[in-house]
Amino acid sequence: MGADATSLFLMLASFALTFLVARLIGKRLKARRDTKQAAQAEQHLAQQSRQVRRAQARKKRS
């Protein structure tokens, strides 16, 4: 009976540890993805503002 309880405890502990590690990895990947998306959005916004400035400059020249 003692061996069954020990093996059950080990299985539950390994499941909990696996779950926690997977969750940490998921959070880290999500943070990396969010950072990459924010940088991409900022670059896109900078490109748009550059285009707007160019269009305004063309309007002033005309």
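A nonpolar surface patch is taken here as a group of Val, Leu, Ile, Met, Phe, Trp or Tyr residues with over 30% relative accessible area and no salt bridge, their side chains joined within 5 Å. In the predicted model, Leu17, Val21, Ile25 and Leu29 form such a patch, and together they contribute about 360 Å² of accessible area. Leu17 lies in helix H1, which runs over residues 2-61. The relative accessibility of Leu17 is 54%, and this residue therefore counts as exposed, the cut-off for that class being over 50%.

With a relative accessible area of 49%, Arg53 is classed as partly exposed, because exposed residues need over 50%.

As regards the overall fold, the secondary structure of the protein chain amounts to one helix and zero strands. The radius of gyration is 27 Å, whereas the globule rule gives 11 Å for 62 residues; the value is well over that figure, so the chain is more spread out than a compact globule. The C-alpha trace spans about 90 × 10 × 5 Å along its principal axes.

Definitions and conventions:
Residues numbered from 1 in each chain as written. Predicted model: local features only at pLDDT ≥ 70, side-chain atom pairs only at ≥ 80, totals over all residues. Heavy atoms only, no water. Helix = DSSP H or I, 4+ residues; strand = E, 2+ residues; numbered from the N terminus. Rg over C-alpha atoms; globule rule 2.2 N^0.38 Å. Patch = residues over 30% accessible without salt bridge, like charges linked within 9 Å, V, L, I, M, F, W, Y side chains within 5 Å. Areas by Shrake-Rupley, 256 points an atom, 1.4 Å probe, with all protein chains shown as cover. Salt bridge = Lys/Arg side-chain N within 4 Å of Asp/Glu carboxyl O. Buried < 20%, exposed > 50% of the residue type's maximum accessible area, 1.4 Å probe, protein only.
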